[in-house]
Amino acid sequence: MSYQEKRTIVNILSGVPVLIAYGIYVFIRTRSGSVDPNDLRFWGITMLTFIGIGVASGIILQILFHIGLSISIAIKTGDGKEREVERDIEATIVEDEMDKLIELKSLKLGFSITGTGFVIALIYLAFSGSAAGMLNIMFFSFGIGSISEGFLSLRYYRKGLKNG
Amino acid sequence: MVKKFEITNRIRELRFFAEEMTQQELARRAGVSRQTIIAVEAGKYAPSLEMAFRIADVFGVAITEVFACKVSEIEGKKG
């Protein structure tokens, strides 16, 4: 498995648990009756908190992943060959035009899903849905869009990208 | 009839003649990732003109020695 694929998997792994944790947390809080589902302040604070957790966990996982990768390259290359280790690390984490193209194509899917979610949220609101429901639809569409982006990137890395 | 252009390459063969140069080494010298070299070699990615020149430069040959275009005609509407 290439560096790019591993990095994408780490991205997905940092996004999925946060989305699931948010779903569980919100479900428990609203089911227990400790929170008024129409209290927009609660939704604002909860969503901001989970976005923060998502960003922080993503950064920490990426740092850990790169440390692990550097260690594994150093072990493979052998002791006392600092220059070679540095060269191998640089050669591994290089980002080229194919990566950028895959990122662009995947982003397109992410934006499509997020945009669709936004429209669904507006339709939901237009049909007398609650503001809290609309916010949740948007939040999940952002999350699903971001995760789908990762899966599409993986698919492109596996299957290739015909004619750029 | 519509013309279909398919980019083919001789990277595997050129690597063999370059003392079995590894994909990692080719990637490093061309300034791209190994993943990209694998995709280009397998015909899963058509590189940009710049990348094609870089790959050809590593082998010290003309771009046409590395890449070629296979044209075939398929049935279908144009445009």
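The model is predicted, so local features are given only at pLDDT of at least 70 and side-chain atom pairs only at pLDDT 80 or more, while totals for chains, interfaces and linings use all residues. Residues are numbered from 1 along each chain as its sequence is written, and chains are lettered from A, with ligands numbered from 1, in the order in which they are written.

**Stop 1: chain B as a whole**

Select chain B. It holds 5 helices and 2 strands, where helices are DSSP runs of H or I with at least four residues, strands are runs of E with at least two, and both are numbered from the N terminus. Along the sequence the pattern reads β-α-α-α-α-α-β. Show the C-alpha atoms of chain B: along the principal axes they fill a box of roughly 45 × 20 × 20 Å.

Of the 79 residues in chain B, 28% are buried. A residue counts as buried if 20 or more other C-beta atoms lie within 10 Å of its own, as exposed if 12 or fewer do, and as partly exposed in between, with C-beta atoms placed from the backbone. Among contacts in chain B with a separation of 6 or more, 58% join residues 24 or more positions apart; a contact means that the two C-beta atoms, placed from the backbone, lie within 7 Å.

**Stop 2: helix H4 of chain B**

Select residues 49–59 of chain B, which form H4(B). Which residues of H4(B) are buried? They are Met51(B), Ile55(B) and Val58(B). Look down the helix axis: these residues fall within an arc of 55°, so they line one face of H4(B). The arc is taken over the directions from the helix axis to the C-beta atoms. On the face turned away from the buried side, find the exposed residues Leu49(B) and Glu50(B).

After H4(B) comes Gly60(B), with a positive phi near 70°.

**Stop 3: where the chains meet**

Show both chains. The contact takes 16 residues from chain B and 14 residues from chain A. On the chain B side, H2 and helix H3 (34–41) are the elements that give two or more residues. H3(B) supplies the largest share of that side, 4 residues. By class, the side of chain B that touches chain A has 7 nonpolar, 6 polar and 3 charged residues. Here Ala, Val, Leu, Ile, Met, Phe, Trp, Tyr, Cys and Pro are nonpolar, Asp, Glu, Lys and Arg are charged, and the others, Gly among them, are polar.

**Stop 4: H1 and H5 of chain A**

Select residues 3–32 and 131–159 of chain A, which are H1(A) and H5(A). Their axes lie 9 Å apart, at an angle of about 160°. Axes are lines fitted to C-alpha atoms, for helices over the stretch in contact, and angles run from 0 to 180 degrees between N-to-C directions. H1(A) and H5(A) are therefore roughly antiparallel, given that angles under 35 degrees count as roughly parallel, over 145 as roughly antiparallel, 65 to 115 as roughly perpendicular and the rest as oblique.

The contact residues include Gly15(A) and Leu19(A) of H1(A), and Gly143(A) and Tyr157(A) of H5(A). They divide into 7 nonpolar, 8 polar and 1 charged.

**Stop 5: H2 and H3 of chain A**

Move to residues 40–77 and 82–92 of chain A, H2(A) and H3(A), whose axes come within 9 Å and cross at roughly 130°. How are H2(A) and H3(A) oriented to each other? They are oblique. Ser70(A), Ile73(A), Ala74(A) and Thr77(A) in H2(A) meet Glu84(A), Val85(A), Asp88(A), Ile89(A) and Thr92(A) in H3(A). By class this contact has 4 nonpolar, 3 polar and 2 charged residues.

In the loop between H2 and H3 of chain A, pick Lys81(A). Lys81(A) counts as exposed, with 12 C-beta neighbours inside 10 Å.

**Stop 6: two positive phi values**

Most residues other than glycine have a negative phi. Select Ser128(A), in the loop between H4 and H5 of chain A; its phi is positive, near 65°. Ser128(A) is exposed, with 6 other C-beta atoms within 10 Å. Finish at Glu20(B), in the loop between H1 and H2 of chain B, where phi is positive, near 50°. Glu20(B) is exposed, with 8 C-beta neighbours inside 10 Å.
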